[in-house]
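I opened a new notebook page for this model.

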Amino acid sequence: MSVQLHLFYASQTPAALILRQAQGPLWRLIGWDRATDTLSPGQWMQHDILVDRCVLSPDGLHFLYFAVDEQWDRPSKGAYTVLSSVPNFDALALYPQGDVQGGGGYFVDNTHYVIQSPTGTPDLVGKAPGLKRVNSMSGAAMTPRAARGFGKRRNVTAPSPQNYTTEGGKLFAPDGRMIVDLTQMETP
């Protein structure tokens with residue numbers, strides 16, 4: 001498999017995040033300041049990540065991602081949603097899912113987020129001070145109507161602000177200028 005870049009944009013700042021995918025389930029997070037094209041290399045991880053269930057907070061400081069390690073007998077139940085600080089995979093909060101039917105989530109704002117799993121799912125880490133899981137966009141308890149739609153895929157991501165593109169492991173500006181080539185990176 002060739003290198004692929006997945007881009008996530010903050011809606012309130014020029015912050016962005018590059019999720020680099022290499023052969024096998026090998027991933028790297030890279031912080032990206034679009035105003036200066038400065039990169040902040042982050043952590044590597046070797047689990048499967050479901051990219052369509054990932055999102056960057058509006059201020060670009062936190063990342064929600066859904067990962068699968070298939071270790072079903074562990075407390076994380078083999079599939080889980082994580083809240084982390086950019087550009088790291090380390091969990092500030094971890095919500096076990098146990099299957100790939102749900103999982104992931106979205107940010108309501110910079111301090112409130114929704115996890116696409118049952119309301120009673122516990123946070124196994126508890127290191128996210130100032131950030132709070134809520135059950136709906138309003139932060140109120142779910143109404144019966146909202147509960148019927150709960151678990152359906154919801155992507156609340158900022159659109160590409162200027163049509164940045166990727167080709168393999170290369171990132172290009174809207175004018176065609178290559179910002180960075182991430183095809184060759186030393187792995188851990």
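I count two strands as paired if DSSP finds at least two bridges between them. I keep in mind that this is a predicted model.

Entry on the four-strand sheet. I found four strands in an open sheet, ordered β1-β2-β3-β4, with antiparallel pairing. I noted β1 (4–9) and β4 (38–45) as the edge strands, since each pairs on one side only. From one strand to the next, the twist averages 20 degrees. I then looked at β3 and β4, which run antiparallel and are joined by six bridges. In this pairing I saw R28 standing opposite W44 of β4.

Entry on the three-strand sheet. I found another open sheet, in the order β10-β11-β12, and its pairing is mixed. Its edge strands are β10 (105–107) and β12 (132–133), each pairing on one side only. I checked β11 (residues 112–115) against β12: they pair in the parallel sense over two bridges. H112 stands opposite K132 in β12.

Entry on the cores. I asked which residues have the most contacts inside the largest nonpolar core. They are F8, L19, I49, F63, Y65 and F89, in a core of 18 residues. I listed the elements that give two or more residues to this core: β2 (15–22), β3 (26–33), β7 (62–68) and β8 (79–85). Another core lies apart from it, with 13 residues, including I30, W32, A173 and V180.

Entry on F8. Leaving out residues up to four places away in sequence, I found F8 touching A16, L17, L19, V51, C54, V55, L56 and F63. Two of these, L19 and F63, are also on my list of residues with the most contacts in the largest core.

Methods: Residues numbered from 1 in each chain as written. Predicted model: local features only at pLDDT ≥ 70, side-chain atom pairs only at ≥ 80, totals over all residues. Heavy atoms only, no water. Core = buried A, V, L, I, M, F, W, Y, C linked by side-chain atoms within 4.5 Å. Buried < 20%, exposed > 50% of the residue type's maximum accessible area, 1.4 Å probe, protein only. Contact = heavy atoms within 4.5 Å. Axes fitted to C-alpha atoms, helices over the stretch in contact; angles between N-to-C directions.
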